[in-house]
Amino acid sequence: MYYKSPSYRTFSYFNIAFLILISLLCVMPMIHIFAVSLSGKSAADSNLVTFLPIDFTLDSYAQTFKNANFLSATAVSVLRSLIGTAMGMIVTMLAAFSLSRTHLEFKARTFYVWFFLIIMIFDAGLVPHYMLIQKVGLVNSFWVLIVPHLVNVWNMILMMNFFRAIPKDLDEAAIVDGASYFKIFASIYLPVSLPAIATLSLFTLVGHWNSWFDGMLYLRSADQWPLATLLQTIVVVQDFSKTGINPEQLEMLSNRSVKAAQIFIAMLPILAVYPLLQRYFVKGIVLGAVKE
C-alpha cells in the first residue's frame, strides 16, 4: 500500500487549496460578466451587480443577436479562425518536417533555419509591412486576416523540435519499405504528433480569434471587421456607432449589459473548443512509437 506521510498530505491540501483559488480567480470574472449581461439597466449602470444578476432580463442578448454588425463580425471571426488555423498548421507542419531532416537529406536546412530565426528576431516595422500588404493587393480583403499569419516561426520551431525527437527507427523502417517522404509524413509523423498538433492548433486558433489590430488597420468597412475588432471599438474606444443598435434601443438598455453580453458570447467558442482538444494534452509525447 502506498503510504502518504503527514508532510505529503499537508502539501497536497495546500496545493489543492491553491489550485482552487487560482481556478476561482479565472472563473469569477466570467461569472461577473455573465451576471452583468443578464441584469437590468439601473443595476448595471449603478455597478451593483456582483455574481448574481439583478432585475433579470435577456434584452441585451436579444438586441445582440438582432445586431447585423455583430453577427457578420462573428461569421468573419469563425471563418478566419477555421481557415487560418487549418492553413497555418499545414504550412507549419510541412516546414517543420522539412527542417527536421538531417543535413544529408536537406542540404539547405541550415540556411533556412537561420533565415527563419533572423526574420523572427528582426522586424521591419509597421509601415513597411503595410506597404507590402498594399502592394500585393490584400488591403480591404478577407485574406489579409489570414495570409500574413500563415508562417508562425515560433510554432514551426516547436514542431520541428518535436519531429526531431521522434525515433529515426521509424523513418528507416519506412524507407526500407519504399515509402516516400510524403508517405512518411502522413503515415508516421502526423499520427504520433497529435498532442503537439492539438496544442499548436489551439494557440493558433486563439491568436486568430483574439486578433483585432489587423482588422482595424487593413479593413476600411466595419461590416468586414472580425469580432475582436468590433469589440475593441465598442469596449475600449466606446464607439457605439459601430454596434448596429439604434439610439432609442440604447436608451432602454445599459451599455455595460450590452458590452458584457457581447464579450460573454465572444468567449464561448474558445471555451467550447478547449475541452475537445484537452484529451490530447495528457497523452505521451510519442504515441505508440519505438522509444530509443
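Q: Which residues of H7 are buried in the model?
A: The model is predicted, so that local features need pLDDT of at least 70, side-chain atom pairs count only at pLDDT 80 or more, and totals for chains, interfaces and linings use all residues. Helices are DSSP runs (H or I, at least four residues; strands are E, at least two), numbered from the N terminus. Buried means under 20% relative accessible area, exposed over 50% and partly exposed in between, with a 1.4 Å probe and protein chains only. In H7 the buried residues are Val-153, Asn-155, Met-156, Ile-157, Met-159, Met-160, Phe-162 and Phe-163.

Q: Against which elements do the buried residues of H7 pack?
A: Residues are numbered from 1 along each chain as its sequence is written, and side-chain values use heavy atoms, hydrogens and water being left out. A contact means heavy atoms within 4.5 Å. The elements against which the buried residues of H7 pack are H4, H5, H9 and H10.

Q: How far does H7 reach from its first C-alpha to its last?
A: H7 has 12 residues, and the expected value at 1.5 Å a residue is 16 Å. The expected span of a helix is 1.5 Å times one less than its number of residues. The reach in the model is close to this expectation, at 16 Å.

Q: How many helices and strands does the protein chain have?
A: From the N terminus on, the elements run α-α-α-α-α-α-α-α-α-α-α-α-α-α. Of the 292 residues of the chain, 37% count as buried. The protein chain has 14 helices and 0 strands.

Q: What percentage of contacts between residues at least 6 apart in sequence join residues at least 24 apart?
A: The accessible surface of the protein chain comes to about 17100 Å², with 70% belonging to carbon and sulfur atoms; such areas come from the Shrake-Rupley method with a 1.4 Å probe, and for residues only the protein chains shown count as cover. Within the chain, the contacts between residues at least 6 apart that join residues at least 24 apart make up 70%.

Q: Which helices do the buried residues of H9 pack against?
A: An α-helix has 3.6 residues a turn, so residues three or four places apart point the same way. In H9, Ile-184 and Ile-188 are among the buried residues. The buried residues of H9 pack against helices H4 (68-99), H7 (153-164), H8 (168-176) and H10 (194-210).

Q: Which helix supplies the largest share of the nonpolar patch?
A: The patch has about 1200 Å² of accessible area together, and its residues include Phe-111, Trp-114, Trp-154 and Leu-158. Patches are made of residues with over 30% relative accessible area and no salt bridge, like charges being joined within 9 Å and nonpolar side chains (Val, Leu, Ile, Met, Phe, Trp, Tyr) within 5 Å. Phe-111 is exposed, with a relative accessible area of 54%, and H5 (109-121) and H7 each supply at least two residues of the patch. The largest share, 8 residues, comes from H5.

Q: How many residues apart in sequence are the parts tied together by Arg-80 and Asp-214?
A: A salt bridge is a side-chain nitrogen of Lys or Arg within 4 Å of a carboxyl oxygen of Asp or Glu, and the whole structure holds 1. Arg-80 forms it with Asp-214, the closest N and O atoms being 2.5 Å apart. Arg-80 lies in H4 and Asp-214 in H11 (residues 213-218), so the pair ties together parts whose separation in sequence, in residues, is 134.

Q: Which residues does His-149 touch, not counting those up to four places away in sequence?
A: His-149 is in the loop between H6 (126-135) and H7, and at 35% relative accessibility it counts as partly exposed. Arg-80 is buried, with a relative accessible area of 1%, and Asp-214 counts as buried at 6%. The residues that His-149 touches are Arg-80, His-208 and Asp-214.

Q: What is the phi of Asn-140?
A: Asn-140 is found in the loop between H6 and H7 and is partly exposed, with a relative accessible area of 28%. Although Asn-140 is not a glycine, its phi is positive, at about 65°.
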